Structure formats: C-alpha cells, structure tokens
Amino acid sequence: MKSMIGFLLVASLSGCSGAFLGSKVNTDVSPAVAVSERRALESQTLSSLSALERSVNDFLQARRRIPKTLDELVPEFLGEIPVVELGIKGYKPKNKVAYYPSSIIVDGRINGAALDDTGGWGYAFNNRQVIVFVDCTQKRMNGTSWYQARGVY
C-alpha cells in the first residue's frame, strides 16, 4: 500500500496522473502544445516553399525558360513536390499543385480573391515573374495570409 501511494505521488508530480487515475490531462499544457505544433508545421511549410522557390530559380538559370508545371522540377532540381501542412482545421496535408493563369498576378502579387483555396501549392507566372505560393486564404500565426508567404532563403 505504501509503495502504491508513493507511485501515485510520483506519477501526479510528473504530470502522468491522468493516465493512472482517469482524470483529465492538464489543460494548461494542451493549448501550448497545439501552438507549438502549428508553429512547427508552419516552419516546415515555409521551408518547403523556400525549396520550391530555389528549385524554380535553378530551373530558370539552367534551362533559360519558366517551367510550365512544378513537376518539371522533379527529379533534377527537386526530389519531389513537398507536402503542405498548415495545421489549420479543415486543411489536410497535401502535395498537390493548383495552376493559375497569369491574370491572378496583380501588381506583382497574387490576387487572393481569385484563389480556389485548395490548401496545397499554388503556381502562377507571367512574362515578368514566377510565383510559387501556398494556395490558402487563411491566416498564418503572424496574421498574414498564407498565399502572401514567401520562403526564406
């Protein structure tokens, strides 16, 4: 009996009591964990966006033309089309690409009102620029819309 009380005391102090006593998990930790997970997914998606942008640039330098699709980058410039993971309810991880006409580029930026909001990658180009973006109109954790995000490199 004494060892059981000691075990429960240690379990409760270590935050594991819920597993043994049937109580709820500490709700103070759950939101922090959710925020941390979403931040990690955003970081991963931005890193993937950066890899796509670099690969498009490498393709442009090597081939002296704009790729018509992102599939043209694989496998020479990019191992595979990466997965978009937003961490937003209703958006599942996907590596699909939505191709948009050049008219979606207005004043050098993507017109968010014209997006299909697929939650995957978006790709558009005109005679002056190529834009790879996240095809999502939802906000990132920093308050900007996903489709406005650029990879960092």
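Predicted model: local features only at pLDDT ≥ 70, side-chain atom pairs only at ≥ 80, totals over all residues.
1. Proline 75 lies in the loop between helix 3 and strand 1, and the peptide bond that joins valine 74 to proline 75 is cis, its omega being near 0°. Most peptide bonds are trans.

2. On confidence, the average pLDDT of the chain is 84, and 80% of the residues score at least 70. Residues 1-28 are another matter, for there pLDDT stays under 50, and the model has 10 contacts beyond four places in sequence for this stretch.

3. The loop between helix 3 and strand 1 (97-99) also holds phenylalanine 77, which pairs with phenylalanine 59 of helix 3 (residues 29-63), so that distant parts of the chain, 18 residues apart, are linked. How are the rings of phenylalanine 59 and phenylalanine 77 placed relative to each other? Their centres are 5.4 Å apart and their planes stand at 65°; because planes over 60 degrees apart count as edge-to-face, the pair is given that description. Phenylalanine 59 and phenylalanine 77 are each buried.

4. A search of the whole structure finds four aromatic pairs, and another of these joins tyrosine 100 to phenylalanine 133, with ring centres 5.8 Å apart and planes at 35°, so the pair is tilted. Tyrosine 100 lies in the loop between strand 1 and strand 2 (105-106), whereas phenylalanine 133 belongs to strand 5 (residues 130-134), and the pair therefore ties together parts that are 33 residues apart in sequence. Both tyrosine 100 and phenylalanine 133 are buried. Elsewhere, ring pairs link Tyr99, Tyr123 and Phe125 into a cluster.

5. Tyrosine 147 is placed in the segment after strand 5 and is buried, with a relative accessible area of 15%. From C-alpha to C-alpha, tyrosine 147 and isoleucine 110 are 7.3 Å apart in space, although 37 residues separate them in sequence.

6. What lies over the face of tryptophan 146? Arginine 140 does, at 5.5 Å from the ring centre. Arginine 140 is itself in the segment after strand 5, and its relative accessible area of 16% means that it counts as buried, since the cut-off for that class is under 20%. Not counting residues up to four places away in sequence, arginine 140 touches Arg38, Glu42, Leu46, Ser145, Trp146 and Ala149.

7. Most residues other than glycine have a negative phi. Aspartate 107, although not a glycine, has a positive phi of about 55°, and aspartate 117 likewise has a positive value, near 60°. Aspartate 107 is found in the loop between strand 2 and strand 3 (109-110), while aspartate 117 lies in the loop between strand 3 and strand 4 (121-125). Are these residues buried or exposed? Aspartate 107 counts as exposed, at 77% relative accessibility, whereas aspartate 117 is partly exposed, with a relative accessible area of 24%.

Methods. Residues numbered from 1 in each chain as written. Heavy atoms only, no water. Phe/Tyr/Trp six-rings, centres within 6.5 Å; stacked < 30°, edge-to-face > 60°. Helix = DSSP H or I, 4+ residues; strand = E, 2+ residues; numbered from the N terminus. Buried < 20%, exposed > 50% of the residue type's maximum accessible area, 1.4 Å probe, protein only. Lys NZ or Arg CZ within 6 Å of the ring centre and 35° of its normal. Contact = heavy atoms within 4.5 Å. pLDDT = per-residue confidence, 0-100.
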